[in-house]
Amino acid sequence: MTLKYYHAEPAANSLKSMIPLKEKGIPFESVYIDLHEFEQHSEWFVKLNPEGQVPVLEHNGVVITHTTVINEYLEDVFPEIPLRPYDPVGKARVRYWNKFVDENVTPFMSMHGWHHMIGAIARGIEPDEFEKLLERIPLPDQRRKWAAARSGFSEAELANAIDKIVYACAKMEATLAQSPWLAGDMYTTADINFFAMCGMTVEIRFPALEVAANYPRLVEWRTRMEARPAVRSALAMPNHTDPKVRNWSRQVR
Ligand SMILES: N[C@@H](CCC(=O)N[C@@H](CS)C(=O)NCC(=O)O)C(=O)O
């Protein structure tokens, strides 16, 4: 069996499917894709994933993309250490949360990340070079997102995104009052999704939310997540982020 995982730094989408690989103890070859060098838009990578995004799972020559799909696939092929309940109701809960995070959380966390971090990178690129970069981006939506990041998102868009995050944190807090994990008694890919896309970084991005004071169950849940050996091992994967970008992102808090 050959299993390759093409990914960037252990954060967001790259982390979201890395954690299940580690939880399940599946041996895989890690292939680092350098987003700082726009390797995801390079000819060889676009041949692998025509959408020009990470992560990508390649299993015995078959390519699987999109983290929620990858995580479902891993569940189907490697069910020995499960991250999804076997009963239909449990499965439906996990799928509901994954859909909620994918549609109502990820795009809005991402908008703020792009506004602050990618915007600065985009504005640092010469106009000619930026045009060439846009031409190489295969997904039209992604092309628009790069262009929007350069000019900056509007106040209304950013405020709407914060409303979505506040709603998601409150929903999470209410759910954790009923059960230890998002989809019930079992730790699942729903927890992994929320952690990777929002829970891990929410107060860094949104200090005004006062997460520790307002969402104590979320914080306690995150402490449990971070204590898991698989999560620690995924977070310890190499991080090649340019120190300049990293320092800058610290300043934006
Ligand atoms: N829906 C996709 C989204 C993947 C995605 O947005 N990946 C980001 C990294 S977190 C990426 O490749 N960004 C670089 C780019 O789009 O140029 C998934 O779930 O895998």
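**Exercise 1.** Which residues does A8 touch, not counting residues up to four places away in sequence?

*Solution.* This is a predicted model: local features need pLDDT of at least 70, side-chain atom pairs count only at pLDDT 80 or more, and totals for chains, interfaces and linings use all residues. Residues are numbered from 1 along each chain as its sequence is written.

- Apply the contact rule: C-beta atoms, placed from the backbone, lie within 7 Å.
- Leave out residues up to four places away in sequence; A8 then touches S14, I33, L35 and V54.
- Place A8 in the fold: the loop between β1 (3-7) and α1. Helices (H or I, at least four residues) and strands (E, at least two) are DSSP runs, numbered from the N terminus.

**Exercise 2.** Is A8 buried or exposed?

*Solution.* 

- Take the cut-offs: buried means 20 or more other C-beta atoms within 10 Å of the residue's own, exposed 12 or fewer, partly exposed in between, with C-beta atoms placed from the backbone.
- A8 is buried, because it has 23 C-beta neighbours inside 10 Å.

**Exercise 3.** Which residues surround the ligand, and what classes are in the shell?

*Solution.* 

- The list is A8, A12, N13, S14, L35, Q40, Q53, V54, H66, T67 and Q142.
- Helix α1 (residues 12-23) gives the largest share, three residues.
- Sort by class: Ala, Val, Leu, Ile, Met, Phe, Trp, Tyr, Cys and Pro are nonpolar, Asp, Glu, Lys and Arg charged, and the others, Gly among them, polar.
- The shell has four nonpolar, seven polar and no charged residues.

Definitions and conventions:
A residue is near a molecule or strand if its C-beta atom, placed from the backbone, lies within 6 Å of it. Two residues are in contact if their C-beta atoms, placed from the backbone, lie within 7 Å.
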